[in-house]
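Work through these exercises with the model open beside you. Try each task before you read its solution.

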Amino acid sequence: MAPNPAHTVLWPAPHASEAVAATVHVPGSKSVTNRALVLASLASEPGWLRRPLRSRDTLLMAGALREMGVGIEETVSSSSSGAGSPDGTGEAWRILPAGLRGPATVDVGNAGTVMRFLPPVAALADGPVRFDGDPRSYERPLNGVVDALRVLGARIDDDGRGALPLTVHGGGALDGGTVEIDASSSSQFVSALLLSAPRFNQGVEVRHTGSTLPSMPHIRMTVDMLRAVGAQVDTPESGGEPNVWRVTPGALLGRDLTIEPDLSNAQPFLAAALVTGGRVLIPDWPARTTQPGDRLREIFTEMGGSCELADYGLVFTGSGSIHGIDVDLGDVGELTPGIAAVAALADSPSTLRGVSHLRLHETDRLAALTKEINELGGDVTETADGLHIRPRRLHGGIFHTYDDHRMATAGAIIGLAVEGVQIENVATTAKTLPDFPELWTGMLGV
Ligand SMILES: O=C(O)C1=C[C@@H](OP(=O)(O)O)[C@@H](O)[C@H](O)C1
Ligand SMILES: C=C(OP(=O)(O)O)C(=O)O
């Protein structure tokens, strides 16, 4: 886990000299955009994505689908045609599904959604699809998807580990059927199999056999979005067996979908209100959503803030005090780095539990948070499934990010309260939030 020597560029994290008071327009959700791209590509008619997230992960997804023959037309409009937003402005992508083709080459970067959601799509292509990505993508778990696809009828060449790089030999169709998987290392295994399943000859029955299953809201997001395009999905919550999901084969509708703001990317801005005792408005916060970031309303309230959800958005207000928290983050693991950063500045200790799978995220997030916060004078220890954080007076220094966008935003949160924090490779935020530095300085008015 050595810091990457290529990333020596340091960004001085702005220190907040006063309480923030800002409105922050947060770009679209990564998880919704990438699911919408997959579903629209598998549909039997064209569809629209309005206000999609334009970031490394979503551009990799769009690029991969184009490689396999899907038409994706990007339009930016300042008038009422091709509108991205309800007032007729912004960005919209028109998705034109086509017969999926190989040979093709897919770069997954370090995007979990691309490396897990696309091998099942590639199994439907009419030729080989080669998958490769960043060095870290070779280490992230993929065996649940690879082994399941083989059981469902796919031919896949890999190096024997069920990991990247690999080639899916698309046969133009896939049998589908029943498959057991252990998705305890990533909920994305389940989501991946469900998303393409309406196009499998027999659909799919996925039976999760592991003892834990992280990120349940993301599985609900998959189910909701499948149903919204006409798929029939049976779930444990709709009266089915625990840990079993069934998708019936059938055609998918093209949809006109406006993407919600990314609530996990709203986290650093809400944290800024909490840390500085200020106030932040996030416009368009959805009244109902499957995004895990919605849990921040409850978590950051327990840590000292208060929030008001109105039809124009979420107003989050800090009280000037930050409290520690004892919380199971298994459902909302991607919020851990930002919560750990706030916890390091709190007036009492915190225990973050249920997130051992974060060791296999963009980096080993438990190790990285422990090391970087401690190097600023903190007192963090790793547990079997999370972190103990005892707040200490922190000092400035370099905050390494390990090619992890959420490490960079976590460091920026600490920098608000601690002078002299420098973020290594803040550009890594491009994975899901390329405008982060500008949004951050804009929020602070610097
Ligand atoms: O399906 C998704 O969009 C995601 C699921 C989660 O993955 P894991 O279950 O692997 O943690 C989450 O951490 C990731 O950021 C996005
Ligand atoms: C875990 C994350 O991403 P990925 O989709 O690459 O798994 C994340 O964004 O926090």
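**Exercise 1.** How many residues surround ligand 1, and which are the closest?

*Solution.* First, the ground rules. This is a predicted model: local features need pLDDT of at least 70, side-chain atom pairs count only at pLDDT 80 or more, and totals for chains, interfaces and linings use all residues. Residues are numbered from 1 along each chain as its sequence is written, while chains are lettered from A and ligands numbered from 1 in the order in which they are written.

Step 1. Count the shell: 13 residues surround ligand 1 (C-beta atom, placed from the backbone, within 6 Å). The closest are Ser31, Ser186, Ser187, Ser215 and His218.

Step 2. Sort by class: one nonpolar, 11 polar and one charged. Ala, Val, Leu, Ile, Met, Phe, Trp, Tyr, Cys and Pro count as nonpolar, Asp, Glu, Lys and Arg as charged, and the others, Gly among them, as polar.

Step 3. Find the helices. α3 (112-122) and α6 (188-196) each supply at least two shell residues. Helices are DSSP runs (H or I, at least four residues), numbered from the N terminus.

Step 4. Domain 1 (10-27 + 261-444) and domain 2 (30-258) both give residues to the shell, so ligand 1 lies between them. The domain bounds come from an automatic or database domain assignment.

**Exercise 2.** Which residues of α3 meet which residues of α5?

*Solution.* Step 1. Arg116, Pro119 and Pro120 in α3 meet Val145, Val146 and Leu149 in α5 (C-beta atoms, placed from the backbone, within 7 Å).

Step 1. Classify this contact: five nonpolar, no polar and one charged residues.

Key: Contact = placed C-beta atoms within 7 Å.
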